[in-house]
2 protein chains.
Amino acid sequence: MSGRLAIVGGDAAGMSAAANARRRDSDVEIVAFEKGSFTSYSACGIPYYLGGLIEDIDDLVARSPERHEENGIDVRMETEVVAIDLDRRELELAGGAREGFDQLVLATGARAVAPPIPGAEATEPARTLDAAQRLRERLERGDGHDAVVVGAGYIGLEMAEALIERELRVALVDQAPEVFPALDPDMAVHVREAAEGLGIEIFTSTSVEEVLLDDDGAPRGVRTSAGELPARHVVLATGVKPAVDVATSAGLQTGPTGALAVDAHQRCAGVEGVWAAGDCVESHHRLLDRPVNIQLGTHANKQGRIAGVNATGGDLVFPGVIGTAISRLCKREVALTGLTEAQAADAGLDAFASTVEADSRAAYFPGNGPVWVKLVVERGSGRVLGAQVVGAETAGKRIDTLAMAVWNGMAVDELQWVDLSYAPPVSGVLDPVLIAARVAAKEL
Amino acid sequence: MSGRLAIVGGDAAGMSAAANARRRDSDVEIVAFEKGSFTSYSACGIPYYLGGLIEDIDDLVARSPERHEENGIDVRMETEVVAIDLDRRELELAGGAREGFDQLVLATGARAVAPPIPGAEATEPARTLDAAQRLRERLERGDGHDAVVVGAGYIGLEMAEALIERELRVALVDQAPEVFPALDPDMAVHVREAAEGLGIEIFTSTSVEEVLLDDDGAPRGVRTSAGELPARHVVLATGVKPAVDVATSAGLQTGPTGALAVDAHQRCAGVEGVWAAGDCVESHHRLLDRPVNIQLGTHANKQGRIAGVNATGGDLVFPGVIGTAISRLCKREVALTGLTEAQAADAGLDAFASTVEADSRAAYFPGNGPVWVKLVVERGSGRVLGAQVVGAETAGKRIDTLAMAVWNGMAVDELQWVDLSYAPPVSGVLDPVLIAARVAAKEL
């Protein structure tokens, strides 16, 4: 194509679109608008920056605006797009300037949602690099010893661990009855144990009612249904919503999840030349066969590539997701793919679950630790619908083997015999995946 | 069944057969004959025992004779079976005693093959626990500072590393032009670099002509085509042969590899009630579609299970192998599955290879290191025929994801989009497997 490609949002999805468009078409004019002060950064790295494992915030930036500029991409930092005029093919910027486009990629991401409680404005979200920078500065000033993290999903757990590494006293509060609600509770309990082992105080089935402020408007505590907790730092990890206001105001459609509806080409439903990718869009879940909205850098990267390629005349297709995720939490690795037992039941599938505890390495090898593998298996066919893994360091990436089983619709009866690798430093003679499949095949 | 199940060989395959037979049939009489002094031990753990990472040799024994006895298995240690009379259904033991059987499982393993050179009798094989015990005693006596390891396959490399950990000066000698000949040379070079980085002196394209002995008959050096090397310890890792003499003397058939020919039920070709498993048998290679003889504990365990179950009236089928293997060598992990580029060419397949260098973790994450992933891809279909991975610690287990791709016949075009896991401590935003598939798909 010739003409002008505009991109709204300068993080993973947007800049993947920009870079892939540039690679495909050296002539197209590419301009990207980012309202914050960083491009292409690793939001997933924020807890490690806060905890001090990553010293320099710039290390989290995969590619700076300058490097994008060198690649022929015009990056406008701290520039917010406030409206889209689809008829005139123009963007309106904060301040009123207008910018034309021929093709448009929306990669506006998601934003943290603060719970509707008094004092929420004095908290920090766990999500942006700007917020992380502020919080770390306050931590390094030694400003208070107590912290409360609200939300015990994987980001909340990672943040709690980071604050423990800063030698704070940390309470983790969630309304749900168990931490890491993306896992089935019988697997999440291994995460809770590890978190408690690090000294994180966990308050589940507990709601946060108010952030208590001192006279300066800074947090001094949190009032919860389980009583008052001291807190000089309050971090919100209570979930996010896709940032779609500008798009919907322009008439673009959202789907049932509230995120932008796109087809498998990342094309916004019913509109030519407008594409969207990343945290702001819906993805097709291959097992649930319905749209989901998942915020993950890996999807953002892939979808951004598809949007950038297709916006410059290519024809790539996103085949959908199966809900794979991983985290290293409190010295354990935690991972899942496909459907949990609860999701399978909700979806009306006739499934059973089977869990094994195995060794992460040969039993005698230093560093060996337990690995729990839970499989969710369709009755009759024996097909692996989902898997969850919690275990010692290095255990987690086994989820990819299981993701391949789910993706390919393999049955446990076959999976138990697959030629997987074995050596004492990396597994038992039968990998935990094979043991799990064997036990499930017997139960079948 | 009722009657008597005899098992020849008390290591992985044999004792897996025994345990699974017992689980299936609480009445069958089970007797196992082992000529050595250990059962169910991890030969793969020998280098770690020699190097001192594993202190106690008993740690390498997964299940002692006593524990097998508690499980109702009659284990006869240091008892060699010297002949099989298939007509009379009897075994002959060294010493002349005879033992009857109704069903028979042969799990005689493999034995080290010494090269036909003068002095070979004064060397130690890298293979048995008995030999490892002798060698470690000599190392701990501080008997000499120089060692030569003959054979630079993965066992030779592991042994060389173990001896370096004992602070010996170690030379590694092989006739082949590169170390780790199971890999393509362009991948093996990363292993060589790591081995040299540890201080192992490598002599490839070098043949060993004589082990030089002192007046006591102990090694003092090795004469090679590249000159004389001092050596108080000479370890042979020059390969093994299936131990089939007793079986072939009884009329059982071997296949083209020299190992026992069995069907997918682990039944010895043409004989009722005689089964074989582990290092002494052929396995069907799913990609080459011909028998291979691979010595690996994981196959031994699976095949032993099948033999034990089928010998007690069950009906399990071994679906074959694809050549998956892994090793942690010299601070790197090295793994392969399916066909190498060379094997694909030998098999007459129209294939190309594609290699990427990626990060094992997020680029900014402590402990990140390079991972090289080489894919061997069929032209036209794009099917992944094989993969090789060399990289930093934790990189190797990715081979299982690739083994799943090979097993399922996946094409790179699909593989590049699979929903694999991402978090900064365990991978880049795109796992190296996805990056490799993406690059190969473009080349396709």
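Helix α1(B) is largely enclosed by the rest of the structure, because ten of its 13 residues are buried (a residue is buried if 20 or more other C-beta atoms, placed from the backbone, lie within 10 Å of its own, exposed if 12 or fewer, and partly exposed in between). The model is predicted: local features need pLDDT of at least 70, side-chain atom pairs count only at pLDDT 80 or more, and totals for chains, interfaces and linings use all residues. Residues are numbered from 1 along each chain as its sequence is written, while chains are lettered from A and ligands numbered from 1 in the order in which they are written. Helices (H or I, at least four residues) and strands (E, at least two) are DSSP runs, numbered from the N terminus.

**Helix α1**

- In chain B, α1 (residues 12-24) reaches 18 Å from its first C-alpha to its last, close to the 18 Å expected at 1.5 Å a residue (the expected span is 1.5 Å times one less than the number of residues).
- The buried residues of α1(B) are A12(B), A13(B), G14(B), M15(B), S16(B), A17(B), A18(B), A19(B), N20(B) and A21(B).
- Those buried residues pack against β1 (4-8), β2 (29-33), α3 (65-70), β3 (73-76), β7 (103-106) and α8 (297-311) of chain B, contact being defined by C-beta atoms, placed from the backbone, within 7 Å.
- In chain A, the axes of α1 and α8 come within 7 Å and cross at roughly 35°; axes are lines fitted to C-alpha atoms, for helices over the stretch in contact, and angles run from 0 to 180 degrees between N-to-C directions.
- The crossing of α1(A) and α8(A) is right-handed, meaning that the near helix is turned clockwise from the far one by less than a right angle.
- Among the residues that make this contact are A13(A), A17(A) and R24(A) of α1(A), and G304(A), R305(A) and G308(A) of α8(A).
- The contact of α1(A) with α8(A) comprises ten nonpolar, eight polar and two charged residues (Ala, Val, Leu, Ile, Met, Phe, Trp, Tyr, Cys and Pro count as nonpolar, Asp, Glu, Lys and Arg as charged, and the others, Gly among them, as polar).

**Relation of the two chains**

- The same surface serves both copies, as 98% of the contact residues of chain A recur in chain B.

**Interface between chains A and B**

- Chain A gives 53 residues to the contact and chain B gives 52.
- On the side of chain A, α8, β21 (325-329) and α10 (398-407) each give two or more residues, and α10(A) provides the largest share, eight residues.
- That side of chain A has 33 nonpolar, twelve polar and eight charged residues.

- Just after α10(A), G409(A) takes a positive phi of about 65°.
- L296(A) lies in the loop between β20 (290-292) and α8 of chain A and is buried, with 24 other C-beta atoms within 10 Å.
- Not counting residues up to four places away in sequence, L296(A) touches A325(A) and Y422(B).

Key:
Two residues are in contact if their C-beta atoms, placed from the backbone, lie within 7 Å.
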